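Hi,

Here is the structure I said I would pass on. Have a look first, and then read my notes below.

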Amino acid sequence: MKIICGIDEAGRGPIAGPVSAAAVVLPRDFPRDLLKDSKKMSPSAREKAFARMLAMKVPVGIGWSWPEEIDRINIHKASLLAMSRAFGAMGCLPDEVIVDGLYIPDIPTPARAMVKADALVPEVMAASIAAKVVRDRWMIRYSWFEPDYGYERHKGYPTRAHREVCLRLGPSPIQRLSFRVR
């Protein structure tokens, strides 16, 4: 049976914080009813699916690109870099990789890009969920150090409250300085 890895990222749109990516290989017995497009799931449903992945010891690799990298190389290249790092961290070598979107990261395995794979391919759904959960958790924990910015609420996305606090207090240490605040 062919081993398929799904790869997706989370955090391209925020104006603060890292972009995360996940690479996931699902075992045949993983309960696929827990999976769907992560953007259409509640935070608790994403957490439940991710907890099941960890409990079943599903091969999950997580990769990050940090705000300084995003500013230096741009969000597109940083997303691909995070995906490549996630694949390297996964710890297994699949037969094929399916990446959500239009572009393929630099990885040593045959891969194909597929638009909307995060809504169609279970392995990519799982990767989307994992990437979103770990990024949200990171942003919540970072808010402990910078409570005035409200990262636990908006996760770095350019909400009105986030833009206003940036204009009032200046950029936080995790601000993507190449992104517009206004």
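Let me start with L35: setting aside neighbours within four places in sequence, L35 is in contact with L26, F30, M53, P122, M125, A126 and I129 (contact means heavy atoms within 4.5 Å). Before going on, note that this is a predicted model, where local features need pLDDT of at least 70 and side-chain atom pairs count only at pLDDT 80 or more, while totals for chains, interfaces and linings use all residues. Numbering runs from 1 along each chain as its sequence is written, and side-chain values use heavy atoms, with hydrogens and water left out.

L35 also turns up in the largest nonpolar core, which has 22 residues; V24, L35, F50, M53 and I129 have the most contacts inside it. (A nonpolar core is a set of buried Ala, Val, Leu, Ile, Met, Phe, Trp, Tyr and Cys residues joined through side-chain atoms within 4.5 Å; buried is under 20% relative accessible area, exposed over 50%, partly exposed in between, with a 1.4 Å probe and protein chains only.) Two or more residues each come from strand 2 (19-25), helix 1 (43-55), strand 3 (60-65) and helix 4 (122-143). Helices (H or I, at least four residues) and strands (E, at least two) are DSSP runs, numbered from the N terminus. Helix 4 gives the most, with eight residues. Another core, of 18 residues, lies apart from this one and has C5, A23, F87 and I107 among them.

Now the aromatics. Rings of Phe, Tyr and Trp (its six-membered ring) pair if their centres lie within 6.5 Å; planes under 30 degrees apart are stacked, over 60 edge-to-face, and the rest tilted. The count comes to six aromatic pairs. W138 and Y142 have ring centres 5.4 Å apart and planes at 5°, so they are stacked. Being four residues apart in helix 4, W138 and Y142 are separated by about one helical turn. W138 is partly exposed at 23% relative accessible area, whereas Y142 is buried at 14%. Y142 also pairs with F145, with centres 6.2 Å apart and planes at 50°, so that pair is tilted. F145 itself is exposed, at 62%. Ring pairs link W64, W66, W138, Y142, F145, Y149 and Y151 into a cluster.

Last, helix 6 (residues 160-169): H162, V165 and C166 are buried there, while R160 and R168 are exposed on the other side. What covers the buried residues includes helix 5. G170 follows helix 6, and its phi is positive, near 90°.

Cheers
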